[in-house]
Amino acid sequence: MIRLGSVVINCADLERMTAFWAAALHLDPAPGDRFRVLRGTAVNVSLQVARTPVSARDQMHFDLYTDDQPGEVRRLRELGATFVRHHDDPDDDYVVLADPEGNEFCVCAVS
């Protein structure tokens, strides 16, 4: 099973964006220097400091959470997604895919 876990917003000023989105959506921010999760009851909003100037094309992306990352990546690729890269870290394991129009999203392993 796969579910939407977080909408990720790329930003330049993490503190300013945290203050805005946490207040706007009544979310609770978790600590983080370059990536911060604002937790909600139904879905999270995550903020990450962009490495390059933020443009409309790469402003946001989905994080999809699953306990079967390989199976979901395979299923999504069969539906037309393309593989971009795999960030394989025990504390932060995700696969970046692109939809048929090139919009990137992450398939995050959760246990």
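Is H26 buried or exposed? H26 counts as exposed, because its relative accessibility is 71%. The scale is this: buried is under 20% relative accessible area, exposed is over 50%, and partly exposed is in between, with a 1.4 Å probe and protein chains only.

Some ground rules. This is a predicted model, where local features need pLDDT of at least 70, side-chain atom pairs count only at pLDDT 80 or more, and totals for chains, interfaces and linings use all residues. Residues are numbered from 1 along each chain as its sequence is written, and side-chain values use heavy atoms, with hydrogens and water left out.

Back to H26. It is found in the loop between α1 (14-25) and β2 (28-29). Helices (H or I, at least four residues) and strands (E, at least two) are DSSP runs, numbered from the N terminus. Most residues other than glycine have a negative phi.

Now the aromatics. Rings of Phe, Tyr and Trp (its six-membered ring) pair if their centres lie within 6.5 Å; planes under 30 degrees apart are stacked, over 60 edge-to-face, the rest tilted. The count is one aromatic pair. F20 and W21 have ring centres 5.0 Å apart and planes at 80 degrees, so the pair is edge-to-face. F20 is partly exposed at 49% relative accessibility. W21 is also partly exposed, at 22%.

Next, the strands. β6 and β7 pair in the antiparallel sense over five bridges; pairing takes at least two DSSP bridges between two strands. They form a hairpin, with six residues between them. H87 stands opposite Y94 in β7.

Y94 leads us to the largest pocket. Its volume is about 1,200 Å³. Of the 41 lining residues, V8, Q48, H61, Y94 and C106 are the closest to its centre. A pocket here is an open set of points on a 1 Å grid over the protein atoms alone, where a 1.4 Å probe fits, with protein on both sides within 12 Å along at least five of seven lines; lining residues have an atom within 4 Å of a point. The lining divides into 19 nonpolar, ten polar and twelve charged residues.

Last, the cysteines. A disulfide needs two cysteine sulfur atoms within 2.5 Å. The count is zero. C108 is buried, at 10%. For C11, the closest cysteine sulfur is also in C106, 15 Å away. C11 is buried at 3%.

Note on methods. Grid points are joined across faces, edges and corners, and a volume is the space filled by probe spheres set on the points. Ala, Val, Leu, Ile, Met, Phe, Trp, Tyr, Cys and Pro count as nonpolar, Asp, Glu, Lys and Arg as charged, and the others, Gly among them, as polar.
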